[in-house]
Amino acid sequence: MSASAEGNATSTTQLAQRLTVLLAVRGTDDEIRRALQEADRVFDDLHWFMRTGGELPRGWLRGRGTNGRRYTTAWFDALSETLRDPNSRPTLRATANAAEVAWSALDAALREGAPMPEPWDARRKP
């Protein structure tokens, strides 16, 4: 792996790890709101790397085929929508829980070699 590819993989790995930490935050509404806002920015950065052909975070496997893509795309969409509108649920805690579930499902699937969600499919044009 080249130095730039190694740096890219480090960046995407750090972004994925940061998302995991941010979405696990519990506390006051203010703490949860700040964590969700930061998670939205981090997810935007990860999304940019993945859409532009960035290296996969360490631990993610490059999936083959499209079997299961509807699930990874659904989890991607659920996470994205939840982070974009943190007031879509009755409480911020419910929003944080929904975001954490979507991210955990997406991360776990990609670690098992599921196909990338449609927005991150490197074969698609950004």
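User: Is the crossing of α2 and α3 left-handed or right-handed?

Analyst: This is a predicted model, in which local features need pLDDT of at least 70 and side-chain atom pairs count only at pLDDT 80 or more, while totals for chains, interfaces and linings use all residues. Residues are numbered from 1 along each chain as its sequence is written, and side-chain values use heavy atoms, with hydrogens and water left out. Helices (DSSP runs of H or I, at least four residues) and strands (runs of E, at least two) are numbered from the N terminus, and a crossing is left-handed if the near helix is turned anticlockwise from the far one by less than a right angle, and right-handed if clockwise. By that rule, the crossing of α2 and α3 is left-handed.

User: What word describes how α2 and α3 lie to each other?

Analyst: Helix α2 covers residues 29-51 and helix α3 residues 69-84, and the two pack at an angle of about 135° with their axes 9 Å apart. Axes here are lines fitted to C-alpha atoms, for helices over the stretch in contact, and angles run from 0 to 180 degrees between N-to-C directions. Angles under 35 degrees count as roughly parallel, over 145 as roughly antiparallel, 65 to 115 as roughly perpendicular and the rest as oblique. The angle between α2 and α3 therefore makes them oblique.

User: Which residues of α3 meet α2?

Analyst: Contact means heavy atoms within 4.5 Å. On the α2 side, the residues that take part are Leu 36, Ala 39, Asp 40, Phe 43, Asp 44 and His 47. On the α3 side, their partners are Phe 76, Leu 79, Ser 80, Leu 83 and Arg 84.

User: How many charged residues are in the contact of α2 with α3?

Analyst: In this classification, Ala, Val, Leu, Ile, Met, Phe, Trp, Tyr, Cys and Pro count as nonpolar, Asp, Glu, Lys and Arg as charged, and the others, Gly among them, as polar. Sorted in this way, the contact of α2 with α3 has 6 nonpolar and 2 polar residues, and the charged ones number 3.

User: How does α3 lie relative to α4, and what is the angle?

Analyst: The axes of α3 and α4 are 9 Å apart, and α3 passes α4 in a left-handed crossing. Their packing angle is one that makes α3 roughly antiparallel to α4. That angle is about 150°.

User: How does α2 lie relative to α4?

Analyst: The axes of α2 and α4 come within 10 Å and cross at roughly 30°. The residues that make the contact include Ile 32 and Leu 36 of α2 and Ala 99 and Trp 103 of α4. This crossing angle makes the relation of α2 to α4 roughly parallel.

User: Which residues form one aromatic cluster?

Analyst: Rings of Phe, Tyr and Trp (its six-membered ring) pair if their centres lie within 6.5 Å, and planes under 30 degrees apart count as stacked, over 60 as edge-to-face and the rest as tilted. By this rule the count comes to 7 aromatic pairs. One aromatic cluster is formed by Phe 43, Trp 60, Phe 76, Trp 103 and Trp 120.

User: How many residues apart in sequence are the parts that the pair of Trp 60 and Trp 120 ties together?

Analyst: Trp 60 and Trp 120 are stacked, at 5.9 Å centre to centre and 25° between the planes. Trp 60 lies in the loop between α2 and α3, and Trp 120 lies in the segment after α4 (92-111), so the separation in sequence of the parts tied together by this pair is 60 residues.
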